[in-house]
Amino acid sequence: MAVAVAAPSPFLGQATLHFNKPSFERCTLSSVLQLRIKALFWGPRKAVEPAKVDLSIGDFSLMESGSKGGTTNLGEAKKLSVSVVSSISEVSSDEWDACSLDATGSEQFNPFLSHGFLSSLEESGCAVKETGWVPQHIIARDECRNVLGVVPLYLKSHSYGEFVFDHSWADAYYSYGSRYYPKLQCCVPFTPVTGQRILVRNTVYRDQIFDILVSALMALTVKFQVSSLHITFPSANEWDKLKEKGFLQRIGMQYHWKNRNYKSFDEFLMDMKQSKRKNIRQERKKISAQNLTMKRLRGYEIKARHWDTFYEFYRNTTDNKWGSAYLTREFFHNMASKMGDNVLLVAAEEGEELVAAALNLIGGDALYGRLWGCLPRAYYPNLHFEACYYQAIEAAIELNLDKVEAGAQGEHKIQRGYLPVTTYSCHYILDAEFRKVIADFLAREAAQIKLVMKLLHESGPFKDNVLSVEA
């Protein structure tokens, strides 16, 4: 048995799980939290084999009376075949990316949904069977073999690398003699970034294909005889639609920075309360006082030596904080070669030596902060804030991006201009009794998260008139 421990979430409260199963009285989430259990995994984090089933989900008819407004002309498709592939390499990058780009729109391009990013995770041994992530991507093709829709999907034997925590659910299942793993996970592995999850080409059949792919996900959950299906960090629109399909809704919270048409970092600071503005300026002055030079490197400017050093930084962070490294050295090299100018590395140098760095990806309207690391046993006051938050804000202003998404957790981000925003997940639980209990827990959790977000907004770092204009 493997156990991971962490401080309990302040947002879960004393929600109680009540079961009507015979021979058992009840199980409380609060008791799980008091024991400081973050994860309970019965057995090692090992590969799980998909059920030996036909990976053809079925053929469907498309009616021309479907959604209006489609713009892509792919011929008069009438039939749709839906199947599962065991690697994203079985779909061409052009076809996958066409689905992704049509789903988001070019102005909201999401780099994590690209074939380049997802294939890098598989090719480098990060999201593969051996690590408990079995690719089971769903592909929809018309009768001419054109790909009209794709869904990134994985069969999982654990709950690592998801950032939407269901560890207490797994423990509750075990307490009642039931099996929680394996489960199906629709997401971008190791990436808590909101984006479309059901990726569909923009044709007149778009809404129909979306519904068919959701039905395919649900059918696959039954077919594989797993406990559940989880769609994490979907768009708000998908979240609403999936509720109608019987999915449980869950919310979470992240901290994002919003670009209010700023022309410079100083203009952004002028929107903040005087004490917060003063604190940020003092923190930034300490960087030059330590003889540190900050650089923002993009695309071809990032050399192989940068990635080798950044991998060491990443391992230093995971060894000190998480205890497990999800990503390999090969991933960073592979991803960078495929993503090109969509990669931004904020580098901190002392003399000629790279001493710290923060990895960002550039989307159509957002800068996504992902990973940070520094030299082992090195300490540079305020460098984390500079590299991860202030440099990201400057880059977003320079690139005219709408926002910076700085990743999960960290209330310290608020005083630096990053405010709480809602994130979403959807959960399809097959067992009726567990579904009822989890639904009750999610309702209690959501009420607490909404209250916390309200309080954090009210005590935020901005002048009162800044947020009142947006209200």
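Contact here means heavy atoms within 4.5 Å. This is a predicted model, in which local features need pLDDT of at least 70 and side-chain atom pairs count only at pLDDT 80 or more, while totals for chains, interfaces and linings use all residues. Residues are numbered from 1 along each chain as its sequence is written, and side-chain values use heavy atoms, with hydrogens and water left out.

View 1. Look for Thr104 in helix 2; helices (H or I, at least four residues) and strands (E, at least two) are DSSP runs, numbered from the N terminus. Thr104 counts as buried because its relative accessibility is 15%, where buried means under 20% relative accessible area, exposed over 50% and partly exposed in between (1.4 Å probe, protein chains only). Apart from neighbours within four places in sequence, Thr104 is in contact with Phe109, Asn110, Leu113 and Gln196.

**View 2. Helix 4 and the residue Gly177.** Helix 4 spans residues 167-175, and seven of its nine residues are buried. They are His167, Ser168, Trp169, Ala170, Asp171, Ala172 and Tyr173. Just after this helix comes Gly177, with a positive phi of about 75°.

**View 3. Residues around the second largest pocket.** Strand 20 gives the most, with four residues.
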